[in-house]
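Please look through the structure shown here with the following report at hand.

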Amino acid sequence: RFHHTSTSHLCSCSKTVSDEKYQDPFQLGRKDLKNLYEDIKKELLVSAAEFKEMCDYYFDGKGKAFRPMIVVLMARACNIHHNNSKEVQASQRSVAIIAEMIHTASLVHDDVIDDANSRRGKRTLNQIWGERKAVLAGDFILSAASVALARIGNTTIISVLTQVIEDLVRGEFLQLGSKENENERFTHYLEKTFKKTASLIANSCKAVSILGCPDPKVHEIAYQYGKNVGIAFQLIDDVLDFTSCADRLGKPTAADLKLGLATGPVLFACQQFPEMNAMIMRRFSKPGDVERAWKYVLQSDGVQQTTYLAQRYCHAATREIRKLRPSPERDALVHLTEMVLLRDK
């Protein structure tokens, strides 16, 4: 509730983009995402029945396809900007498919590392099939994404998207470590957030812009938009870990604290409650740490400060995308920044 009151207040003081003229990004991107999950399953053709069952379990078509939707909207926005082309190229759509595959593979591996038991409101692969098979399933999805990437046949695109895989691994390593120096913690947190969440969106947007337009300035616009939206998305995710009930979020709340992670709301709260420093350093491992940290965060303005920060990233994304020629897709990407701020799951 607090999150919603703060964000609606925040958005009212700037130019809101929720006018009727803006189309719903999900409606606008739907035509390009038709049969997305069927096409992903074609990339994952396997003879082993159990492997197929595991892949089908994750690619059930019930996800919002948030990342592929951004990618196809960016593709159209860049194509229109360049030569007023109204079509999405087959290679650009392939990038959307690959992005969803890389993202899903990273979720499967994250769930193993975190020993998570629920994801998107249902049991995780590692809970049903065990850790070893879940790791192999994640590896398999990633390898199939790499094959699809090679098929695009563009070395620049391969370079851009393989950077995502490197960033995911480096981001996970960053998450396993913690900084003793309080001043370095926030930098560490934002770098981890970029590598684990935003790099995929930023580099996928950059890839489709390269395929659709030769202008390096447009590639940078696409990259910066994806980077800023991606960081904002994760910041709000970290806020929801404190403000949303588990049913809405599709995973247990306070999950990050239980994993020993100090996210934005915790780091901001620590400025008001310095006694949290010791808890952060021991990764909330002592009995009662999680409950005490939870209370400190809700007594502080940590949630509100993190939401403010997310809004700043969304404003930066909006500034970037407005540099492209007007189009329904460009405007939908503007509208998407508000949707990121106002989401509740």
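## Helices H10 and H14

Arg185, Phe186 and Tyr189 in H10 are in contact with Gly264, Leu267, Phe268 and Cys270 in H14, where contact means heavy atoms within 4.5 Å and helices are DSSP runs (H or I, at least four residues) numbered from the N terminus. By class, this contact of H10 with H14 has 5 nonpolar, 1 polar and 1 charged residues, with Ala, Val, Leu, Ile, Met, Phe, Trp, Tyr, Cys and Pro counted as nonpolar, Asp, Glu, Lys and Arg as charged, and the others, Gly among them, as polar.

The model is predicted, so local features need pLDDT of at least 70 and side-chain atom pairs count only at pLDDT 80 or more, while totals for chains, interfaces and linings use all residues. Residues are numbered from 1 along each chain as its sequence is written, and side-chain values use heavy atoms, with hydrogens and water left out.

Helix H10 spans residues 182-212 and helix H14 residues 264-272, and the two pack at an angle of about 170° with their axes 11 Å apart; axes are lines fitted to C-alpha atoms, for helices over the stretch in contact, and angles run from 0 to 180 degrees between N-to-C directions. That angle makes H10 roughly antiparallel to H14, a term for angles over 145 degrees.

## Helices H9 and H10

Helix H9 (residues 155-176) also packs with H10, their axes coming within 8 Å and crossing at roughly 170°. H9 and H10 are therefore roughly antiparallel to each other, and by class their contact has 11 nonpolar, 8 polar and 8 charged residues.

The structure holds 0 disulfides, a disulfide being a pair of cysteine sulfur atoms within 2.5 Å. For cysteine 78, the closest cysteine sulfur is that of cysteine 213, at 6.5 Å, which is too far for a bond. For cysteine 205, the closest cysteine sulfur belongs to cysteine 78, at 8.0 Å, again too far for a bond.

Cysteine 78 is buried, with a relative accessible area of 1%, and cysteine 205 counts as buried at 0%; buried means under 20% relative accessible area (1.4 Å probe, protein chains only).

## Alanine 254 in its loop

Alanine 254 lies in the loop between helix H12 (246-249) and helix H13 (255-258), and at 8% relative accessibility this alanine counts as buried. Leaving aside residues up to four places away in sequence, alanine 254 touches Asp241 and Trp294. The C-alpha atom of alanine 254 is separated by 9.4 Å from that of aspartate 238, 16 residues apart along the chain.

Methods
Angles under 35 degrees count as roughly parallel, over 145 as roughly antiparallel, 65 to 115 as roughly perpendicular and the rest as oblique. Buried means under 20% relative accessible area, exposed over 50%, partly exposed in between (1.4 Å probe, protein chains only).
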